[in-house]
Amino acid sequence: MSRTAIIVEKVLPHSAERIWRALTTQDLIAKWLMPNDFVPKVGHRFDFRTRPMGDWDGVVHCEVLACEPPRLLRYSWKGGSDSGLSKASRLDTDVTWTLTPVDGGTRVRMVHDGFMLPENSTAYEAMNPGWGRVLDRIAGVIAEAG
Amino acid sequence: MATAQLTVVLKTLADPTRRAVFERIAREGEVAATGLVRGTRVSQPAVSQHLRALREAGLVIERREGRHVHYRIAPKGLAPLIDWLGHHQAFWRERFDNLERLLKESEE
């Protein structure tokens with residue numbers, strides 16, 4: 001299996017300090033992501049809660065893994081049900097936010113890493129032309145070696 | 001429906017031996033069932049069982065030629081996995097937009 005990450009990156013016209021507050025203040029996080037009991041302290045365990053969907057209870061279990069204001073924030077992101085069929089689709093991943101000051105604002109980079117796929121999933125593209133299109137649709141998903 | 005198929009694919013690939021069989025077929029393009037047994041410590045019945053599971057999950061296709069059965073990767077077999085990633089991708093894009101809007105509004 002190889003690890004695959006989802007990456008979203010954008011330059012926003014705000015200071016790193018301001019963006020950091022939006023990423024690390026409970027009330028503000030709730031406004032753009034999900035209700036939570038986040039505290040910006042390494043080792044703090046917290047949950048994101050949203051509406052249950054299908055087998056999923058709507059809870060993401062997290063722990064703050066790194067917190068270096070105003071540039072680096074990382075938390076684990078575990079979700080899915082432990083019971084029955086949906087166990088296989090349980091997530092054991094982590095989310096990393098990196099803020100870098102640039103001209104005109106701050107580069108915000110979010111990496112959601114740890115999705116496991118069979119080796120060389122992207123190699124199927126060569127075997128099946130249809131795969132190219134499927135993979136194009138998720139252009140932001142970057143497969144990492146190993 | 002899509003979720004059910006994703007679960008089947010993930011469950012099927014959760015077994016390390018079965019995943020190794022799948023990855024080997026992917027690597028070699030097309031493999032005879034007998035060729036899969038050779039050079040491994042997995043027994044013929046076990047390999048047959050893994051191949052059946054992979055076929056039922058829509059991950060491999062078989063082709064019969066006389067007494068031999070050949071296996072190759074099904075073109076859309078991993079599509080549920082790719083879609084699943086796509087959902088997460090869409091989730092973050094949307095939340096990122098929310099974040100951007102929040103920052104913009106709170107400035108005014």
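This is a predicted model: local features need pLDDT of at least 70, side-chain atom pairs count only at pLDDT 80 or more; totals for chains, interfaces and linings use all residues.
Residues are numbered from 1 along each chain as its sequence is written, chains are lettered from A and ligands numbered from 1 in the order in which they are written.

**View 1. Chain A at a glance.**
Chain A holds four helices and seven strands. Helices (H or I, at least four residues) and strands (E, at least two) are DSSP runs, numbered from the N terminus. Along the sequence the pattern reads β-α-α-β-β-β-β-β-α-α-β. Of the 146 residues in chain A, 46% are buried. Buried means under 20% relative accessible area, exposed over 50%, and partly exposed in between, with a 1.4 Å probe and protein chains only. Contact means heavy atoms within 4.5 Å. Among the contacts in chain A with a separation of 6 or more, 45% join residues 24 or more positions apart.

**View 2. Helix H1 of chain A and its end residue Thr24(A).**
H1(A) covers residues 16-24. The helix is mostly covered, with seven of its nine residues buried. These are Ala16(A), Arg18(A), Ile19(A), Trp20(A), Ala22(A), Leu23(A) and Thr24(A). Thr24(A) has a relative accessible area of 9%, so it is buried. A polar atom of its side chain lies 2.7 Å from the backbone oxygen of Trp20(A). A polar contact is a pair of N or O atoms within 3.5 Å; within protein, one must be able to donate a hydrogen and the other to accept it, and residues adjacent in sequence count only if both atoms are side-chain atoms. Leaving aside neighbours within four places in sequence, Thr24(A) is in contact with Ile29(A), Phe38(A), Pro40(A) and Leu73(A).

Cys67(A) sits in strand E3 of chain A. Its relative accessible area is 19%, which means that Cys67(A) is buried. Not counting residues up to four places away in sequence, Cys67(A) touches Trp20(A), Pro40(A), Val42(A), Leu72(A) and Leu73(A). The C-alpha atoms of Cys67(A) and Leu91(A) are separated by 22 Å. The loop between E3 (59-68) and E4 (72-79) of chain A contains Pro70(A). The peptide bond from Pro69(A) to Pro70(A) is cis, with omega near -5°.

Strands of a sheet pair through backbone hydrogen bonds, either parallel or antiparallel. Two strands pair if DSSP finds at least two bridges between them. E4(A) and E5(A) (residues 91-102) pair in the antiparallel sense over eight bridges. Gly79(A) stands opposite Leu91(A) in E5(A). Nine bridges join E5(A) to E6(A) (residues 105-117), and these strands also run antiparallel. Here Leu99(A) stands opposite Val108(A). The hairpin of E5(A) and E6(A) has two residues between the strands, and Gly104(A) takes a positive phi near 85°.

**View 3. Helix H2 of chain B.**
H2(B) has 13 residues, 16-28. The expected span of a helix is 1.5 Å times one less than its number of residues. For H2(B) this gives 18 Å, and the end C-alpha atoms are 18 Å apart, which agrees. Asp15(B) caps the N-terminal end: a side-chain oxygen lies 2.9 Å from the backbone nitrogen of Thr17(B). The buried residues of H2(B) include Arg18(B), Val21(B), Phe22(B) and Ile25(B). Just after the helix, Gly29(B) takes a positive phi of about 90°.

Three strands form an open antiparallel sheet in the order E1-E3-E2. The edge strands are E1(B) (30-32) and E2(B) (60-65), each pairing on one side only. The twist averages 30° from one strand to the next. Three bridges join E1(B) to E3(B) (residues 68-73). Ala32(B) stands opposite His70(B) in E3(B). Helix H4(B) (residues 44-56) lies across E2(B) and E3(B), running at about 120° to E2(B). Axes are lines fitted to C-alpha atoms, for helices over the stretch in contact, and angles run from 0 to 180 degrees between N-to-C directions.

**View 4. The largest nonpolar core.**
This core has 61 residues. A nonpolar core is a set of buried Ala, Val, Leu, Ile, Met, Phe, Trp, Tyr and Cys residues joined through side-chain atoms within 4.5 Å. Those with the most contacts inside the core are Phe48(A), Tyr75(A), Trp77(A), Trp97(A) and Trp92(B). Helix H5(B) (residues 79-105) gives the largest share, nine residues.

Conventions: Side-chain values use heavy atoms; hydrogens and water are left out.
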